[in-house]
Amino acid sequence: MVTITAYVADSAVAQMLSGATDVEILTTVDGSIPEGVERAQIYVPKFLAGAPKTDVLAAMPQLELIQLLTAGAEVWIGQVSAGVTLCTARGAHGAATAEWAVGALISVLQEFPQFTRNQLVGRWDQHSVDRVEGKAVLVVGAGDLGRQTKKRLLAFGAEVTMVARTEREGVQPISNISALLPDHQVVMLMVPVTAETVGLVDAAFLALMPDGAVLVNAARGVVVDTEALLAATKSGRLLAALDVTDPEPLPADHPLWTAPGVFITPHIGGSAPGAHQRAARVALAQIEKFVQGEQLLNVVSDQGY
């Protein structure tokens, strides 16, 4: 007997969720609001849906759960009515993004972007390059993405220090970061967007990083002060690998594109084959927990994660 109704905005994901027990799945191919949506207690927006649409939310007066297909939830915080639980798909995309982060770090250390430019003009510029092995890496954020990244860095022989908001075994508190930065040649950002993380990497933060250090941003663009990063990279003091920027998308004439030592990809860290399927598996598990009255995972509060 169907007891729960879920509106799944992506028809392909809706198909993947069709096996949920005692759940009526509503969806449409053209993205319009389906009939019966007023019964929906669960809403699953599209993958990378962006900001919530008020008309869609208003059409679901019985809504109790919004289950995102992404790990980021910053555009939803503060936009959800009281009594509605907001959950992310944390854990679905960590492995792919961690692979991007380590790959981007290798690209910067071994100067792949410059060698690609050399190839286009037939320039043979043989010289020594750097490597990951032996590097002291500070991973800021100890969630699924941070843990996945640490595992891959250790395989390359890096020395990894984890930092997060809450101190625990193997993880230092963010309050220690000023003391840690000077001793790490690489800083990797793996944090969600919260009041504490917006602008975390400012001029003072960057000034504490040693000369020649690499900043890797796999979090969100607003975690880094763009002007401060530009100053640090234009001077040649720091290098950077960015999958996210502020602003985003990055305008064609933005100086970050041509800043020396900066490698940019267009927010593709988690966009690997199977991303929708992995997110759908997380959503299915959450919906089944909701049906059974069990505690949900990856719940987002007004203050963050």
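**Surface, fold and salt bridges of the predicted model**

In this predicted model, the protein chain exposes about 14,800 Å², of which carbon and sulfur atoms supply 53%. Of its 305 residues, 47% count as buried. The C-alpha trace spans about 70 × 45 × 35 Å along the principal axes, and the radius of gyration of 21 Å agrees with the value near 19 Å that a compact globule of 305 residues would have. Among contacts between residues at least 6 apart in sequence, 57% join residues that are at least 24 apart.

The protein chain contains 9 helices and 13 strands. Strand 1 (residues 4-8) pairs with strand 2 (residues 23-26) in the parallel sense over 4 bridges, and within this pairing Tyr 7 has Leu 26 of strand 2 as its bridge partner. Together with helix 1 (residues 11-16), these two strands make a right-handed β-α-β unit.

Side chains of opposite charge can pair when their charged atoms come close, and the structure holds 7 salt bridges. In one of them, the side chains of Arg 220 and Glu 74 meet at 2.6 Å, N to O. This pair links distant parts of the chain, 146 residues apart, since Arg 220 lies in the loop between strand 10 (214-217) and helix 8 (226-234), whereas Glu 74 lies in the loop between strand 4 (65-67) and strand 5 (85-87). Arg 220 counts as partly exposed at 22% relative accessibility, as does Glu 74 at 28%. A further salt bridge joins Lys 135 and Asp 130 (2.7 Å, N to O); here Lys 135 counts as buried because its relative accessibility is 13%, while Asp 130, at 34%, counts as partly exposed.

How values were computed. Residues numbered from 1 in each chain as written. Predicted model: local features only at pLDDT ≥ 70, side-chain atom pairs only at ≥ 80, totals over all residues. Heavy atoms only, no water. Pairing = 2+ DSSP bridges. Right-handed = clockwise from strand over helix to strand, strands pointing away. Rg over C-alpha atoms; globule rule 2.2 N^0.38 Å. Buried < 20%, exposed > 50% of the residue type's maximum accessible area, 1.4 Å probe, protein only. Contact = heavy atoms within 4.5 Å. Areas by Shrake-Rupley, 256 points an atom, 1.4 Å probe, with all protein chains shown as cover. Salt bridge = Lys/Arg side-chain N within 4 Å of Asp/Glu carboxyl O.
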